[in-house]
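Please find below my notes on the model you sent. They are meant to be read with the coordinates open.

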Amino acid sequence: MTPLFISVLLAAMCLECRAQKDNVLQAKGEETAAAGGTVTLGCLYNSSNTNINLFWYKQDGNNSPKFILSRFSGDDGDTAAEFKERFSSTLDSSNRSVPLKIQKLQLSDSAVYYCALQPTVTGNTKTLYKNLWSKDNRILHNIH
């Protein structure tokens with residue numbers, strides 16, 4: 001039996017960042033892992049603000065991005081109920097990172113994952129509203 005592989009596309013978002021000094025970086029564009037396994041998606045950040053607010057979102061197909069979790073300086077943040085069991089993250093201020101760990105991978109985890117530095121477009125931690133069209137008018141979508 002051929003192993004089932006799961007692919008995720010990473011996209012960094014920094015919305016309304018102050019003079020581009022505040023930003024996030026997801027250096028690896030794509031991760032592939034076997035179903036049932038574990039993957040860690042990297043996200044590095046730079047911010048002039050001491051109160052860091054970082055968010056992870058998942059977008060599959062042509063659906064709007066879904067809030068996965070948030071991490072704040074000096075706080076555990078919040079994780080959406082549907083992601084609590086298998087998705088986790090820790091804000092590491094010394095390394096300026098907030099990696100997203102996904103365990104017990106499933107085919108439905110194939111998606112675009114966004115790391116975002118607060119503030120988001122709407123300030124709403126539940127849904128990210130953003131025009132996700134590429135420069136040549138092709139919509140960004142999941143890779144499988």
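Predicted model: local features only at pLDDT ≥ 70, side-chain atom pairs only at ≥ 80, totals over all residues.

The points below cover the disulfide, the nonpolar core, the salt bridges and a few loop residues.

1. Disulfide. The structure holds one disulfide. The bond joins C43 to C115, with an S to S distance of 1.8 Å. C43 lies in the loop between β4 and β5, while C115 is in strand β11. The two cysteines are 72 residues apart, and the pair links distant parts of the chain. The torsion about the S-S bond is about -70°, so the disulfide is left-handed.

2. Burial of the cysteines. C43 has a relative accessible area of 2%, so this residue is buried. C115 also counts as buried, because its relative accessibility is 0%.

3. Nonpolar core. The largest nonpolar core has 29 residues. Those that touch the most other members are L54, W56, I68, L100, I102 and Y113. At least two core residues come from each of β4 (39-41), β6, β7, β10 and β11. Strand β11 gives the most, with seven residues. As background, nonpolar side chains in soluble globular proteins tend to be buried together.

4. Salt bridges. The count comes to two salt bridges. In general, side chains of opposite charge can pair when their charged atoms come close. The two pairs are taken in turn in the next two points.

5. K66 and E82. These side chains meet in a salt bridge at 3.5 Å, N to O. K66 belongs to strand β7 (residues 66-72), and E82 sits in the loop between β8 (75-79) and β9 (87-89). K66 is partly exposed, at a relative accessible area of 39%. E82 is exposed, with a value of 57%.

6. D109 and R86. Here the salt bridge has an N to O distance of 2.8 Å. D109 is in the loop between β10 (100-102) and β11 (111-117), and R86 is in the loop between β8 and β9. Are the two partners buried or exposed? D109 counts as buried because its relative accessibility is 1%. R86 is buried as well, with a relative accessible area of 13%.

7. Most residues other than glycine have a negative phi. R96 lies in the loop between β9 and β10 and counts as partly exposed, at 37% relative accessibility. K104 also has a positive phi of about 50° and is likewise not a glycine. K104 lies in the loop between β10 and β11 and is exposed, with a relative accessible area of 53%.

8. N49. This residue is found in the loop between β5 (44-46) and β6 (53-59). N49 is partly exposed, with a relative accessible area of 29%. The C-alpha atoms of N49 and D22 are separated by 8.1 Å, and the two residues are 27 residues apart along the chain.

Conventions: Residues numbered from 1 in each chain as written. Heavy atoms only, no water. Salt bridge = Lys/Arg side-chain N within 4 Å of Asp/Glu carboxyl O. Helix = DSSP H or I, 4+ residues; strand = E, 2+ residues; numbered from the N terminus. Buried < 20%, exposed > 50% of the residue type's maximum accessible area, 1.4 Å probe, protein only. Core = buried A, V, L, I, M, F, W, Y, C linked by side-chain atoms within 4.5 Å. Disulfide = S-S within 2.5 Å.
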